[in-house]
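Here are my notes on the model, as numbered points. Please read them with the structure open.

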Amino acid sequence: MSDKFSPLALAAHAAALVPGLDVVGLCPPSDSNAQVQRQGIIDAQGQRWVVCAPFEASASVNVAAQVRILKLLHRAWETGLVPFDVPVIEAQSHNPKNPGIYLHRLLPGDTLDENQLSGDPAVVISLATALASLHALPKEVVEKSDLPIYSASDCRERYQALLDEGVKAWTIPANLYERWDTALDNVALFKFSPTVVHGDLSADAFTVSGSTVRTIASFANAHLGDPAEDLQWITSYPDIDVVEKFFHTYNGILRSRVDLHLRSRCQLYSEMALVKWLLHGYRSEDQEIVEDAQQMLNQLSVDVGQTPLVEYHYPRSESPQELDAPETSLADLPQVTADAPTVDLSAVIEQLLQEEDYE
C-alpha cells in the first residue's frame, strides 16, 4: 500500500515523469478516495495536468491496462460511439518504489457538483446517457485491455467475501448483516450479463460543461462486471425524483437489456460501500475514517430496521445464471453530434492494436 503524498511531492513526481515538464503551480483536483490520490498541476505553458498515485499495490500493476482501455474509450469518443471523452495516460512511473504513479492532461470542464442533479434535469439525462453508452460497449473493450473479468457468480462471491471480512473487522449491526446476507443468498438477484464497468464512480469522476457530461475520469478499477457497481452512488442520492429520472433515461437507452434486479443490487452495493470504507480505515490505520464508517453503519441500522432488502431467500448452493448478452446496436446510442458517424468498435480495436505506439 502506498503512503499518502503531499501535493508538492506529487508535483515533483510529475516533473520526473515528463522530461522538460516545468511545474509552476498547483490546481484542482486535489483529493483522494479509497483507491487513488489526485493532484492537479500547472506547467510553464499554462497546461494543466493531473498526477495520480494509487493507494493499493494491486492498482499499481494495472496502469498498462488502463492505458489500453483509455485509448480505446478515447477512440470511441472520437468516432461518436460514446458522448464522453476520457483523459488518456501520457506518462507513468517505472520506479519500483512508486510504480503506479501516472500523469494525464486535465480535460476542459468543471467537476460535477451533485447539487446540479437536483437543479438541472438535463444534467441527469446527460449522466444517464453517458453511463448507458459505457455499459453498452462490447465486452472486448475490457477483454482486449487485459483488465479483470468477473462473472455474475464472481460478483456475488466478492460481496460475500466483503461481508465476511467486515464481520471479522468489526461487529456489524445484526439487522444489517441479516439484510445483506439474505440479499446475497438470493440467486435470482444476480442474474445479469456482465458489462464494461468503470468501477469507482462518484460525482468527482465527471466533468461537465453547462448541462452536458463531457468526460469521465479515474478508470483505475475498470473491469467487466456488474453495472450496478457504477450506479450505486446515484441510487443513494437523496432526491428521489433525480434517481427516478436517471433510471428512466438509462433503462430507455438500454431497452434491449433486461435486468429486473438492477435497482436492488444498486441498493445492496450502496449500503455495503460503508463496509468498504470501514475496511479502508482499518488498512490505512486512520481512526477517523474507522469511526466515521462505524457511525454511518449504526445510523443505517436504525434507518432500515428489520426491513429486508429482498423478499426471497435462496440457498447459496445454487449458482447465479448469466443472461445471454444481446447484440448491442451502438447506432441506437445518442451521438455527440447529429451527423456523428457510427463505427464498428471491433474495427477500431483491431486498428489500435496494430498501431506501433500502442504497446
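1. Arg263 is partly exposed, at 32% relative accessibility; the term covers values between buried (under 20% relative accessible area) and exposed (over 50%), computed with a 1.4 Å probe on protein chains only. Glu244 is also partly exposed, at 38%. Arg263 and Glu244 form a salt bridge in which the closest N and O atoms are 3.0 Å apart; the term stands for a side-chain nitrogen of Lys or Arg within 4 Å of a carboxyl oxygen of Asp or Glu. Arg263 belongs to helix α11 (residues 262–283) and Glu244 to helix α10 (residues 240–253), so the bridge ties together parts 19 residues apart in sequence. Helices (H or I, at least four residues) and strands (E, at least two) are DSSP runs, numbered from the N terminus.

2. This is a predicted model, in which local features need pLDDT of at least 70 and side-chain atom pairs count only at pLDDT 80 or more, while totals for chains, interfaces and linings use all residues. Residues are numbered from 1 along each chain as its sequence is written, and side-chain values use heavy atoms, with hydrogens and water left out.

3. How many salt bridges does a search of the whole structure find? The search finds 10. One of them joins Asp146 and Arg68, with 3.8 Å between the closest N and O atoms. This pair links distant parts of the chain, 78 residues apart: Asp146 is in the loop between α6 (140–143) and α7 (152–169), and Arg68 is in helix α3 (residues 63–78). Asp146 is exposed, at 57% relative accessibility, whereas Arg68 is buried, at 17%.

4. Another salt bridge pairs the side chains of Glu229 and Arg158, at 3.6 Å from N to O. Glu229 sits in helix α9 (residues 228–235) and Arg158 in helix α7, so parts 71 residues apart in sequence are tied together. Glu229 is buried, with a relative accessible area of 6%; Arg158 is partly exposed, with 33%.

5. A cavity here is a set of points, on a 1 Å grid over the protein atoms alone, where a 1.4 Å probe fits but cannot get out; lining residues have an atom within 4 Å of a point. Grid points are joined across faces, edges and corners, and a volume is the space filled by probe spheres set on the points. The largest cavity holds about 60 Å³ of space.

6. The residues lining the largest cavity include Cys52, Gln66, Leu70, Tyr102, His104 and Ser218. Helix α3 and strand β5 (102–105) each supply at least two residues of this lining. The lining divides into 7 nonpolar, 3 polar and no charged residues, where Ala, Val, Leu, Ile, Met, Phe, Trp, Tyr, Cys and Pro count as nonpolar, Asp, Glu, Lys and Arg as charged, and the others, Gly among them, as polar.

7. Some backbone details deserve a look. Ser218, one of the lining residues, has a positive phi, near 65 degrees, and is not a glycine. Ser218 is in the loop between β9 (212–216) and β10 (223–225). Glu285 has a positive phi of about 55 degrees, again without being a glycine, and is in the loop between α11 and α12 (287–304). Glu285 is exposed, at 74% relative accessible area. The peptide bond from Pro28 to Pro29 is cis, with omega near 0 degrees, and Pro29 lies in strand β1 (residues 23–32).

Technical notes:
On a 1 Å grid over the protein atoms alone, a cavity is a set of points where a 1.4 Å probe fits but cannot get out, and a pocket is an open set with protein on both sides within 12 Å along at least five of seven lines; lining residues have an atom within 4 Å of a point.
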